[in-house]
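Have the viewer open as you read.

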Amino acid sequence: MKQFARAFGWGSCLLLLLAVVPATLAQDKDKDKDEARTVKVTVLVPDEEDLVLTVNDKPTKQGGTKRVFETPPLKPGPKYSYTFKAVWKPNNYETYTRTRKVIVEPGKDITVDMSKKDAKIPDEIVIRYVPTPPEFVEAMMKLAKVGKEDVVYDLGCGDGRLVIAAVSKYGAKRGVGVDIDQKRLDECKENAEKAKVTDKLEFRKQDVMKIPDLDKATVVCLYLSDGLNEQLWPILQKNCKPGTRIISHRFKMGAHKPEKSVPVKSDDGYEEEVHLWTVGGAKEEKDKDKDDKKDKGEKKDKGDEKDKENKKDK
């Protein structure tokens, strides 16, 4: 009887232990589930000297093209977002800002690739103001053949000299200057008053990438940068009317060759070119026809060669 009681006692303890262990494991699992965890974010950035990377507007101190950021411990459940900004100056007149916003989950490390540009999230490019010499203003107006039927837009207008010249000297019926610098826009208004053409001009504080009425322009003037021009190209092609002339001081449009380039030299010895493109221009159609004819010719040649081979086999 005593042996049975002892055996029953040990059995009861074992059953109790077996019941407690799963419960303890479940509690530990729940604890792990609720435990705050960090996230390691690897950020790849362009190979640019003096590039500054910020995380939620706080600068980081690392260098190189691969930089690692670790979040504070994050509780499971909520969504956490981090904004990474890479800022650099590839030259003395451009400042690039590349921004990526990412969502992170506790315990899941991620990589953010900011080393390449993304057409869906364009870089913000700010251009240092450099005035266009008078000789270049004249060359741009002449190359674009500005006349009395034209509406001239200047994207990044500075002190307004291009649109002022367009209406005061070349007879354009209207001019629109766009800039993000209020100081320059104030200068535009003063200069327009001096030239007595305020009734024909409009000056706006606006992003050159977000102009809603480009379809009203017949001439678009640019003195920006290669990078910004390249970003603008598809916007101009989409929103400007066919026949709109695009005229640029110095800078080109990426792979899109100008229809005409004219060398210009200022009185102080500055030498550069001004370039012309036409939206849906005759040259564009001509080039397309050439490519089509070339393709047809290549197909014909291949067909002739195949016929010769077939006759030879026979």
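Start at aspartate 159: leaving aside neighbours within four places in sequence, this residue is in contact (heavy atoms within 4.5 Å) with Tyr129, Ile164, Arg184, Glu187, Cys188 and Asn191. A word on the ground rules: this is a predicted model, where local features need pLDDT of at least 70 and side-chain atom pairs count only at pLDDT 80 or more, while totals for chains, interfaces and linings use all residues. Residues are numbered from 1 along each chain as its sequence is written, and side-chain values use heavy atoms, with hydrogens and water left out.

Aspartate 159 sits in the loop between β9 (151–155) and α3 (161–168); helices (H or I, at least four residues) and strands (E, at least two) are DSSP runs, numbered from the N terminus. The side chain of aspartate 159 also makes a polar contact with that of arginine 161, at 2.8 Å (N or O atoms within 3.5 Å, one able to donate a hydrogen and the other to accept it; residues adjacent in sequence count only if both atoms are side-chain atoms).

Now zoom out to the sheet. Seven strands make up an open, mixed sheet in the order β11-β10-β9-β12-β13-β15-β14, where pairing takes at least two DSSP bridges between two strands. At the edges, β11 (201–205) and β14 (260–265) each pair on one side only.
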